[in-house]
Each structure stands twice: as structure tokens, then as C-alpha cells.
Amino acid sequence: MKLRAVLSFAVFASALAAFAGTASAQDCSVTVDSTDAMKFGKDVITVDKSCESFTVKLTHSGKLAENVMGHNWVLTTADNVQPVATDGMSAGLSNNYLKANDNRVIASTEIIGGGEETSVTFPVNKLDQNTVYTFFCSFPGHWTMMRGTLAVR
Ligand code: CO
């Protein structure tokens with residue numbers, strides 16, 4: 001009886017471990033918070049290479065409106081951050097501070113204000129596994145403080 005109990009526990013434990021392994025392999029999304037202090041809650045995002053697509057959910061836990069402290073989540077190569085942000089400034093809030101059809105932008109959300117949330121889903125095969133990408137907020141002046149890296153592993 002005792003042995004059987006130990007064995008069934010072992011089966012249960014390995015089933016749990018298998019479930020946990022599967023669950024983490026399929027976690028193809030991340031939530032990034034943004035604040036009235038002009039900060040993202042994450043500065044490194046790792047995308048599992050087994051993911052077909054990846055979703056970034058952007059939340060804004062502050063109180064300020066989108067025209068004062070708006071935030072979006074924009075993904076480009078590191079070299080394109082500044083030029084995309086500069087062009088975005090001219091594009092204005094109505095265009096989410098991004099030039100229309102900017103092909104340097106790999107993925108982007110709309111601009112949100114305090115208390116709001118949004119998300120973007122993009123195919124992982126758009127990303128090179130040997131490149132470290134940069135995500136940032138394209139609201140004027142925010143890209144220097146609100147930025148981080150994203151890589152496929
Ligand atoms: Co911002």
C-alpha cells in the first residue's frame with residue numbers, strides 16, 4: 001500500500017511537471033504596464049521561439065490622459081528607434097505618434113491614457129532570432145526613458 005501511494009504520487013508529480021512545462025512553453029504573451037512617471041514596468045521581453053504569434057498587452061496604471069502622458073508600445077530594430085520616434089512626433093496623436101504605414105515598425109499598439117489598456121499580436125516569424133529588437137513609446141520625448149529590448153530565444 002505504502003509503495004503504491006509513493007508511486008502514484010510520483011506519477012502525479014511528473015504529470016504536474018509536464019503540465020507546468022507545457023504551460024510555460026505556450027506562454028506567448030506578456031503584459032507591460034506603463035505609468036504617469038513615464039516608465040514601462042518591464043525592460044526585457046523574451047519571446048519563446050516555439051510561439052507562432054506573440055501578444056503584448058499594454059496597460060496604463062496612471063491617471064493622466066493620453067494627450068498628456070500617453071503611451072504606446074512600438075517594436076523596431078535598435079537603429080530605427082530614433083528616426084521612427086522623430087517621424088512619429090510629426091504624425092501626431094491622431095496617428096498614435098507613428099508615421100502612416102511606417103515599414104520600420106514591426107508591431108505597435110495605439111496610444112492609451114491612464115486606466116486604459118490595449119494589445120498587439122504579431123507573428124514571431126517576422127523576427128530574426130539573432131537580432132535584439134527595441135521596444136519603446138513613441139509619444140514625443142518618451143522614447144529615451146520608455147524603452148527596452150525584445151529577443152526570440
Ligand atoms: Co509614453
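Strand β7 (residues 133–136) pairs with β8 in the antiparallel sense, over four bridges. On β8 (residues 147–152), four bridges also make a parallel pairing with strand β2 (residues 44–47). The model is predicted.

**Strand pairing**
- F135 has G148 as its bridge partner in β8.
- T46 stands opposite A151 in β8.

**Nonpolar cores**
- The largest nonpolar core holds 28 residues. Those with the most contacts inside this core are I45, F54, W73, L75, F122 and L150.
- Two or more residues each come from β1 (29–34), β2, β3 (53–60), β6 (117–123), β7 and β8.
- β3 gives the most to this core, with three residues.
- A second, separate core has eight residues, among them V74, V84, L98 and F136.

**Cobalt site**
- Four residues coordinate the cobalt ion: G70 through O, H71 through ND1, C137 through SG and H142 through ND1. The distances run from 2.1 to 2.6 Å.
- The arrangement is irregular because the four donor atoms subtend angles of 77 to 130° around the ion. A tetrahedral assignment needs all angles between 85 and 135 degrees.
- The donor residues are spaced G-H-x65-C-x4-H in sequence.
- G70 and H71 are both buried.

**D102**
- D102 sits in the loop between α3 (81–91) and β5 (107–108).
- D102 counts as buried because its relative accessibility is 8%, and the cut-off for buried is under 20%.
- The D102 side chain makes a polar contact with the side chain of R104, at 2.9 Å.

How values were computed: Residues numbered from 1 in each chain as written. Predicted model: local features only at pLDDT ≥ 70, side-chain atom pairs only at ≥ 80, totals over all residues. Heavy atoms only, no water. Donors = N, O, S within 2.8 Å, 3.2 Å for Na, K, Ca; no water. Tetrahedral: all angles 85-135°; square planar, octahedral: opposite > 155°, others 65-115°. Buried < 20%, exposed > 50% of the residue type's maximum accessible area, 1.4 Å probe, protein only. Polar contact = N/O pair within 3.5 Å; in protein donor to acceptor, adjacent residues only side chain to side chain. Pairing = 2+ DSSP bridges. Core = buried A, V, L, I, M, F, W, Y, C linked by side-chain atoms within 4.5 Å.
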